[in-house]
Amino acid sequence: MVSGATSLSLVRDELFATMEEAEQSLEHFIAERHNGSPLQQAVESLQQVRGTLNLIELAGAELLAQEILQQATDIPAGAGEERDGQLTALSNALHVLRRYLENVDSHRQELPELLLPAINELRQAGGQTPLPESFFFSARLDQLRSPSSASVLDAATLASQVRHLRHMYQVGLLGFIREQNSQAGIKLMARAFSRLDNLFANEPRGRLCWIAAAALEAQLDGQLLARKSRKQLFARLDRELKQLLGNPQHEAPRNLLKELLYLVALADSRGPLASQVRETFGLAALPFTDQLLEEEYQRLAGPGQAVMRSLSSAIREELAGVKDLLDLIERGTAESEGFNALQALLAKLTKTLNMVGLSSASTILSAQLPTVAGWSEVQAADTAALNKLADAVLHVESMVAGLDRGERRDQRLATVVDEAESFALHQLAEARIVVVDEAQAGLALAKRAITSYLESSGDKLHLANVPFSLQAVRGGLWFLGQERAAWLVGACSDYIQKQMLETAQIPSEQMLETLADALTSLEYYLEGGAVLRPETTPSVLDLAADSVRALGLPVAA
């Protein structure tokens, strides 16, 4: 790699000139598709580019150039609209290749992984299978795990546990795929495979469960992005899970194991399972992070969410300026320039908000412009009008806060005419978020307390406040109108009070695992946003109800 990056400077000028010729020839062909000569010139230039990159041993860039050449060769003269996607992918790939080579020339460092999106876009346009994320990653897959203890269950109980855990995985997978709080979905998926690893630790099929549990732990700890390729990978895991459950001797495909190990290496997680897998397979930390790759993807291929974040930040700064001017006007210390500046700022904001699609926010501020235009040092703003403008600004600020997250809150509030009502809705939403946060904290506290209880061999002091905390969570969920979730939390509280605090004997490990499953499912339900989005599937509550029923407690219909 170092040799390739260093050698690039020797051929840089000629290489970039040849690439420019290829781009111009391709553009000429796109404009005049009946003429095959420009396409042939582009192919000849691309052959030179590919040969040069092969000579200086820039493997990733050579692979992209090879894909570009193959796609260009496949396009016939006189290509019609059916080839538009392929031609667009070719143009984008040439742009990415140029930017990548410029970056390698400037920093003397290769990251061939950056080229995979462009390569896969080309392959998909040509009807080929995309390359996996781990294409440039290598690892020895023949390493064996050290023997470990596994749960011993009878066949019926094992089958029941496995069905329950697969259901748990599928619920988390659904949330992850839909991106309804991906991190919460990964927590549930990791929990399921961790339990499966305990069940199959010393069986051939346990190898996949172990590596998958480590990969999910790494995905969570490293806060890896919910890319399409990872959604497909974890969906594939579910299919493999179905096969291994019916076949104790089932061995997972090597390419699947390699993909999972790549995630472990990429996240560089310090979790217990990920650390064990890294040590067993000798996985070194990669010279990049997932976040770095994402930033570089955006830089090479064009603007993404970073643009929206910058725009949101700029709008919030202007809103802060409006609030400062309102504060001066309210104190009676504003000068005539302040009134003019306020009117100019509001006019500018209305245009900006309308441009980014927040039309109702723009309308709200536009409605205030005639009133503000009449304010001056001589004719001061009356308190009612000032408060009305302040409420409108706060409402707009609440809507802009979701811009960098890609939320379209404007659509839901577009029909709200009265600014005070819209602000009240925002405040209510904020209050609900606070209640949900407190509920999540209560469940997390309960889980930590149970862990301390086990580590101290049944010291009940660790559990003293848990029932009270869970009852507070139950009350908060009742306030939010989540009666079923509240009832399940209350059932967990009753179990801890009666079976752990009021009895001398510590519950069995299986019962404590089931209690942990119930709390984990409820925690996922809260983190997944089901409380704030009623349309979210309630199947995770079914999962929690199964665990509560397994604890021997009645479950409400």
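Leaving aside its neighbours within four places in sequence, which residues is E296 in contact with?

Guide: E296 is in contact with N103 and L114, once its neighbours within four places in sequence are left aside; contact here means heavy atoms within 4.5 Å. The structure is a predicted model, in which local features need pLDDT of at least 70 and side-chain atom pairs count only at pLDDT 80 or more, while totals for chains, interfaces and linings use all residues. Residues are numbered from 1 along each chain as its sequence is written, and side-chain values use heavy atoms, with hydrogens and water left out.

E296 belongs to helix α12, which covers residues 290–301. Helices (H or I, at least four residues) and strands (E, at least two) are DSSP runs, numbered from the N terminus. E296 counts as buried because its relative accessibility is 16%, and buried means under 20% relative accessible area, exposed over 50%, and partly exposed in between, with a 1.4 Å probe and protein chains only.

The wider setting may be described next. The protein chain has 22 helices and zero strands. Of its 557 residues, 47% are buried. Among contacts with a separation of 6 or more, 72% join residues 24 or more positions apart. The chain exposes about 26500 Å², of which carbon and sulfur atoms supply 51%; accessible areas come from the Shrake-Rupley method with a 1.4 Å probe, and for residues, only the protein chains shown count as cover.

Charged pairs form the next topic. Side chains of opposite charge can pair when their charged atoms come close. A salt bridge is defined as a side-chain nitrogen of Lys or Arg within 4 Å of a carboxyl oxygen of Asp or Glu, and by this rule the count comes to 26. A network of salt bridges links E133, R227, R230, D290 and E294. In another pair, E203 and R205 meet through their side chains in a salt bridge at 2.7 Å, N to O. E203 is partly exposed because its relative accessible area is 28%, whereas R205 is buried, with a value of 7%.

D197 and R145 also form a salt bridge, and their closest N and O atoms are 2.6 Å apart. This pair links distant parts of the chain, with D197 in helix α7 (residues 182–199) and R145 in the loop between α5 (116–125) and α6 (155–178), 52 residues apart. D197 and R145 are both buried.

R195 is likewise found in helix α7. It forms a salt bridge with D517, the closest N and O atoms being 2.4 Å apart. Here too distant parts of the chain are linked, since D517 lies in helix α21 (residues 509–527), 322 residues from R195. Why are the two partners counted as buried? R195 counts as buried because its relative accessibility is 7%, and D517 does so because its value is 2%. Not counting residues up to four places away in sequence, R195 touches Q161, L165, Q510, E513 and D517. The C-alpha atoms of R195 and Q161 are separated by 9.1 Å, although the two residues are 34 places apart along the chain.

In soluble globular proteins, nonpolar side chains tend to be buried together. A nonpolar core is a set of buried Ala, Val, Leu, Ile, Met, Phe, Trp, Tyr and Cys residues joined through side-chain atoms within 4.5 Å. The largest such core has 137 residues, of which L101, F193, F234 and L260 touch the most other members. Helix α8 (residues 206–221) gives the largest share of this core, 11 residues. F234 touches Y169, L173, F176, I186, M189, L216, Q219, L260 and L263, residues up to four places away in sequence not being counted. A second, separate core of 24 residues includes I315, L325, L342 and L346.

Two helices further along complete the account. The expected span of a helix is 1.5 Å times one less than its number of residues. Helix α16 (residues 383–400) has 18 residues and reaches 26 Å from its first C-alpha to its last, close to the 26 Å expected. Its buried residues include A385, L386, L389, A392, V393 and V396. Helix α19 (residues 466–479) has 14 residues and should span 20 Å; its end C-alpha atoms are 20 Å apart, which agrees. Within α19, V466, P467, S469, L470, V473, G476 and L477 are buried. Just after α19, G481 takes a positive phi of about 80°.
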